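Student: Hi, could we go through this structure together? I'd like to start with the loops and then move on to the strands.

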Amino acid sequence: MANRRNFLKKFVGMGGIVAAPMMARVAEASQKASVQNIRLSQSSNRTRLVFDLDRSIDHSLFRLHNPERVVVDIKNTQLLDSGLVEQMHNSLLTGLRTGVRNKTDLRIVLDLKNTVTPRSFLLRPEANAGYRLVLDLEDSNSTAVTYKKKQKAKLRDVIVAIDAGHGGKDPGASGHLGTREKDITLQIARKLHAIIKKYPGMKPVLIRNGDYYMGLRERVQKAREHKADLLISLHADAYRNTNARGSSVYALSVDGASSETARWLAEKENSSDLIGGVKLDNKDDMVAEVLLDLSLTGTIQSSLDVGDEVLGELKRIGRVHKRRVQQAGFAVLKSPDVPSILLETAFISNPREERKLRSPAHQHKTAKAILRGVSDYFSRKAPPGTWLSLNNKEHTTINGETLAGIAKQYDVTSMDLKMANRLTSDHLQVGQALRIPYTVA
Ligand SMILES: [Zn+2]
C-alpha cells in the first residue's frame with residue numbers, strides 16, 4: 001500500500017557537513033570571504049575540489065550542458081591569487097575559470113569532459129583547517145557503467161510458488177451449480193502462473209498442475225524445494241450461510257486461529273491431509289518448536305505484510321469478507337522460512353460468487369489483483385540478490401542534482417523515475433528520497 005512507502009524527506013546534515021540550502025546566513029555581508037587555496041584530488045570515478053576559505057560562505061551550484069560545465073557561485077567572495085586556477089585539470093576536468101558576478105560574488109566555471117553529478121558541501125573549521133567548500137564531481141558515465149555491471153552480476157528471480165488448493169480425491173468445497181473448489185483453484189493458479197511468468201524478475205512455480213491429490217506437507221515441501229520466496233495457496237470458501245461473501249487472506253498464526261471462523265476453516269482445510277490418508281505425524285512437534293523460533297515470527301510478519309498488499313488489491317476488484325489479514329493455523333502456511341499466504345478468493349457456497357468464480361474474466365481479474373499485491377510487496381521487500389531487490393534501491397537527492405542527472409546515473413529514464421516515485425514535476429528537493437525503479441534493458 002502506498003501509504004507505507006517512505007517518501008520522507010531527509011536532510012543530509014551530518015557531523016561537520018552542512019547541506020547548502022541550510023547554510024549560512026552566518027557570514028557578515030560586509031566582510032568579503034577569500035578563497036585561499038584550491039586543491040584537486042581524484043578517485044576512481046570522482047573528482048574532488050576543495051576550496052579553502054577564511055570564513056563561512058553562501059554558495060549555489062548548477063550545471064550547463066553542451067559543453068558540460070558546472071558553475072559555482074560563491075557570495076561575497078574573492079579569489080586572492082588567480083594563479084591558483086591554472087593547474088586545475090585532470091581526465092574529467094579540462095579547465096577551471098573564474099569571474100566576478102554582481103560585483104561582489106565569485107563565479108567559478110568548471111569545464112568538463114563528461115556529464116557529472118555534482119555534490120557540494122561546506123565544512124566547518126576543525127583542527128588545522130578552516131572553512132572548506134567541497135565540490136565532488138561524479139562522472140555519470142562511469143557510475144552508470146558500474147551500476148550496469150552490478151546489475152549483470154548474479155541476480156536471480158523472485159520465486160513465487162502457486163498452490164492450487166485441494167485436488168484429486170479431495171475436491172474441496174462445492175457450489176450449488178456443482179462447481180468444485182479444486183477446479184477453480186487450479187484455473188486461477190494457471191492464470192496467475194501465466195501473468196507472473198511475464199513479469200520481469202519473478203518466476204512462478206505451480207505446486208499442483210493437474211487434478212491429483214497432494215498432501216499439505218508435500219505442498220510445503222515442494223515450495224521449499226523450489227526455494228520459493230513466497231507461497232500463495234488458493235482456495236474458494238464455503239460457509240453454512242450462503243450469503244457469506246467476499247475474499248479473505250490468511251497468514252499463519254503462532255497460536256492457531258485468531259477467530260472462530262478461522263478455526264473452523266483451519267480444521268476444514270487441514271482435514272484434507274486426513275482425506276488423503278496422510279496423517280499429520282510428529283513433524284507437528286517439530287513445527288511447534290519452530291513456531292517459537294524468532295525466524296518464524298519474521299516469516300509471519302512478512303506473510304502479513306504481503307497478505308496486506310494482496311488484500312488491498314482484492315478490495316479494489318470486489319468485496320472482502322474480512323477487512324484485515326486473518327491468522328490461522330493452516331498447515332500449508334507452516335513453512336518456517338517461506339512467507340506464505342492463503343487466499344479464500346470468494347465463497348463458492350454463495351451462488352452469486354460461484355458464478356463469478358467460474359468466469360474466466362473474473363479469474364483473470366483476481367489473478368491480476370494478486371500479482372499487483374505481490375509485486376507491490378516485493379518492490380519494497382525483495383530478497384537480497386534478486387532482480388527485484390534493485391527496486392529497493394533508494395537515492396537521496398543532494399544539492400545540484402536534477403531528475404535527468406539521477407536517471408542517467410542509474411541508467412533509467414526520467415519518466416521511469418517520475419512514475420516510480422509518483423512525481424508530478426521534475427523539481428526535486430535536497431534530501432528527497434527517490435526509489436530507483438527496476439527496468440528491463
Ligand atoms: Zn479450500
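Student: Where is Pro-67 found?
Tutor: In this predicted model, Pro-67 is found in the loop that runs between strand 4, residues 59-64, and strand 5, residues 69-74.

Student: And what kind of peptide bond joins Asn-66 and Pro-67?
Tutor: The bond joining Asn-66 and Pro-67 is a cis peptide bond, with an omega of about -5 degrees. Asn-66 also has its place in the loop between strand 4 and strand 5, and its phi is positive, about 50 degrees, although Asn-66 is not a glycine.

Student: Is Asn-66 buried or exposed?
Tutor: Asn-66 counts as exposed, because it has 5 C-beta neighbours inside 10 Å, and a residue is exposed if that number is 12 or fewer.

Student: OK, new spot: what about the phi of Lys-227?
Tutor: The phi of Lys-227 is near 55 degrees, which is a positive value in a residue other than glycine. Lys-227 is found in the loop between helix 3, residues 216-225, and strand 13, residues 230-237, and it is exposed, with 12 other C-beta atoms within 10 Å.

Student: Switching to strands, how many bridges are there between strand 3 and strand 10?
Tutor: Strand 3, residues 46-53, pairs with strand 10, residues 131-139, in the antiparallel sense over eight bridges.

Key:
Residues numbered from 1 in each chain as written. Predicted model: local features only at pLDDT ≥ 70, side-chain atom pairs only at ≥ 80, totals over all residues. Helix = DSSP H or I, 4+ residues; strand = E, 2+ residues; numbered from the N terminus. Buried ≥ 20, exposed ≤ 12 C-beta atoms within 10 Å, placed from the backbone. Pairing = 2+ DSSP bridges.
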